[in-house]
Amino acid sequence: MTQRATGSFKGWLYGSGVMLLCVWVLLPIGLIGLGAFGGRPAVYQWPKTLMPASLSLDQLAVFF
Amino acid sequence: MPTSRWLPYLLIAPASVFLAVFFAVPLVQTIVLSFDGGTAGFFGNYQRMLGDLNFNVSLRNTFMLVLTVVPLQMMLAIGMGLMLQKMQRGRDVVLWIWTIPLGVSDLAAGLVWLAILQNTGYLNTFLFHLGVIDGPTAWLNSETPVTLFIAVAVAEIWRSTAVVLVIIVAGLQLIPKEFGEAAEIFGASPWQKLTRVTLPMLKPSLQSALILRTVLAFEVFAAVYAIGGRNIPVLVGEAYVWQRDNQNYSVAAAYAVLIMVISLAATAVYLRLLREKPEARA
Amino acid sequence: MAAITIEGVSKRFGAAMALEQLDLNVADGEFVALLGPSGCGKTTLLRIIAGLETRSSGRVLIGDRDVSDLPPAERGLAMVFQNYAVFPHLTVFENVAFGLRMQKRDEATIRRQVNRAADLLQIGPYLDRYPAKLSGGQRQRVAVARALAVEPAVLLMDEPLSNLDALLRLEMRAELKSVLKEAGTTTLYVTHDQTEAMGLADRIAVMHKGVIEQIDTPTRIYSKPSSTFVGGFVGSPPMNFLKLEAKNGVLACEGFSMPLAHDGPVLLGFRGEDVRLVDASQGLAFAVRVVEPMGSHLLLTGQVGGERIRVVAAPQAEIASGMTLGLQLDAARVVVMDTQTGKAL
Ligand SMILES: Nc1ncnc2c1ncn2[C@@H]1O[C@H](COP(=O)(O)OP(=O)(O)OP(=O)(O)O)[C@@H](O)[C@H]1O
Ligand SMILES: [Mg+2]
């Protein structure tokens, strides 16, 4: 519980643990975000790319 | 003053009335409905439920999910809470990120993981580029029950650990830092400090988190349905099927009552096992 | 074996300096009391010695070991926390036994040591209870017993008796002193209570704003303070200070003179009980404003010139407010301070 200067290895291990957990939380949200902009073909696209093949806002039109 | 005796009751009256109208009445109705077996007798609905082809499977799946998800997410949340406590910089940002799934509904969480894990999903794309698989591969159908189960468990852990984390972080903040420091000075290793000081002092929070999560985990449904459909039947899912597809409200009510009884029993067990000696309370 | 040496330790909290280039030596087996106003950095100093707080600069040595970067457990010391930190989920017995259990001592030793510490602090009857069922003073004694039970070479105590009633405190103080002397424990003891510091300590360190103003024997701290702060902080009533002008190697006022190798304005400090009260025609004119009978003595508050002075008189002296008396000072019992720096000349 103290704020002692941790050894560099421990500090590194610890920092990467925190980063890993952040990725674990954020990655799925990021991917679904991609899916939302990808349009219908993106759902069945294979293999998937990070930039959707056909960028479209059609899916969001559902809300209007 | 004679009025003061009634004042407390008066003050809790609105909440009590609210609970009675919106909670107790539907509860009683459900229980009554579950015993309304028509020609089949008093326990007719329960007999139909027990005789249902999917009953055993769904009971087993539900219990297995609870027994997998809850312990894993408790450990994960405790680890996250301890990490946060040690952080000097950026603590607030990390806490904020880690609690984002709080705002994701269980159906949405199921869809998120479906997008990742389905045949043409991101996981398979990743594995494809690594050369592990040759093309779209199915993980989530009835032929792959193990990966399907893992997928559901992962989605549930991803979605619902944040609640536990919030409870644990609040509990950790209530423990003055001097307790851990005293343990350190008197020679406790980090592990001893955790098991002999931090966790015992965190017991009330752990108990709340366990009860909350176990009860909710027995009600698991939307994430399961999104990912596996009926390939992995669970109790609430069966209640849903009986209610919607079979239009048999009574058997659905029987499922609902069963889930409630299981939840109550689990709560009782926790309250007993984790009971604090009243004199040990600070 | 286990002397404490602190060399140039500073501690900064953001922009605020809690400790500034602090040096302190506590000899092996010595008992040093840390005395100082609230917020002067006493707890911070103890926490740095214990390894619970990082220092901004400087070194901490215990024995001849540089422990500056060692974790608390490896420094071989015990500590009593200002807020006790008695574990609420453990019985009094288990609390006192905590350190011994961590050292994996055998059950018989644990039982013996715990009972010894408990007897000393008179908490034997409560060994089976949980701390929630104890009073503040009892909890505090559990914290002291927990530290004594491990028989540490170095003991750090942060106001360990502050919550006890006067009688019990007196008793505990005597017990502590004899036990620690016997065991040869090096002790650093924070207190607000001056009489406690005077009674217990081999030496007293007076702290002020993150530095040690003076470290000396209780008698010398009391009679020969090294600064106006120490004189004003230690003793009740505090030391009086009069502003005088030194000329031609002599510091003089009515009925008093002493040689002084300093010219210009100085502060003349004296204790209220070190003056003789005489007729108004001799000595300094002292106009009495308030007379407080304290039992063992009378406490007179009044003025000399424009300055407020407190003087102690015999209990049966017939003095009333409004009277004017004469004060005679004893050159052997005064201190002279610089008006600018407040330090002794
Ligand atoms: N964690 C911290 N963060 C910021 N400032 C702190 C911290 N701990 C102490 N301080 C400051 O450092 C100074 C010294 O504090 P410390 O607790 O050492 O005082 P103290 O002499 O023990 O006082 P008391 O007699 O009231 O216990 C105070 O001004 C305090 O506000
Ligand atoms: Mg303090």
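No salt bridges are counted between chain A and chain B in this predicted model. Polar contacts do occur: three residue pairs across the interface of chain A and chain B qualify. On the side of chain A that touches chain B, two elements give two or more residues each, α1 (8-38) and α2 (40-44) of chain A. α1(A) gives the most, with 14 residues. By class, this side of chain A has 17 nonpolar, five polar and two charged residues. In total, 24 residues of chain A are in contact with 37 residues of chain B. The two chains bury about 2800 Å² between them. Carbon and sulfur atoms account for 75% of that area.

The whole structure was also searched for cavities. Four of 30 Å³ or more were found. The largest cavity holds about 70 Å³ of space. Three helices each supply at least two lining residues: α1 of chain A, and α3 (55-86) and α7 (145-173) of chain B. The largest share, five residues, comes from α7(B). The lining of the largest cavity has 10 nonpolar residues, one polar residue and no charged residues.

The second largest cavity holds about 40 Å³ of space. Its lining includes C:G29, C:F31, C:K177, C:K181 and C:L200. Helix α5 (residues 166-183) of chain C provides the largest share of this lining, three residues. By class, the lining of the second largest cavity has three nonpolar, three polar and two charged residues.

Notes. Residues are numbered from 1 along each chain as its sequence is written. Chains are lettered from A and ligands numbered from 1 in the order in which they are written. This is a predicted model: local features need pLDDT of at least 70, side-chain atom pairs count only at pLDDT 80 or more; totals for chains, interfaces and linings use all residues. Side-chain values use heavy atoms; hydrogens and water are left out. Contact means heavy atoms within 4.5 Å. Buried area is the accessible area (1.4 Å probe) that two parts lose on being put together, summed over both. A salt bridge is a side-chain nitrogen of Lys or Arg within 4 Å of a carboxyl oxygen of Asp or Glu. A polar contact is a pair of N or O atoms within 3.5 Å; within protein, one must be able to donate a hydrogen and the other to accept it, and residues adjacent in sequence count only if both atoms are side-chain atoms. Helices (H or I, at least four residues) and strands (E, at least two) are DSSP runs, numbered from the N terminus. Ala, Val, Leu, Ile, Met, Phe, Trp, Tyr, Cys and Pro count as nonpolar, Asp, Glu, Lys and Arg as charged, and the others, Gly among them, as polar. On a 1 Å grid over the protein atoms alone, a cavity is a set of points where a 1.4 Å probe fits but cannot get out, and a pocket is an open set with protein on both sides within 12 Å along at least five of seven lines; lining residues have an atom within 4 Å of a point. Grid points are joined across faces, edges and corners, and a volume is the space filled by probe spheres set on the points.
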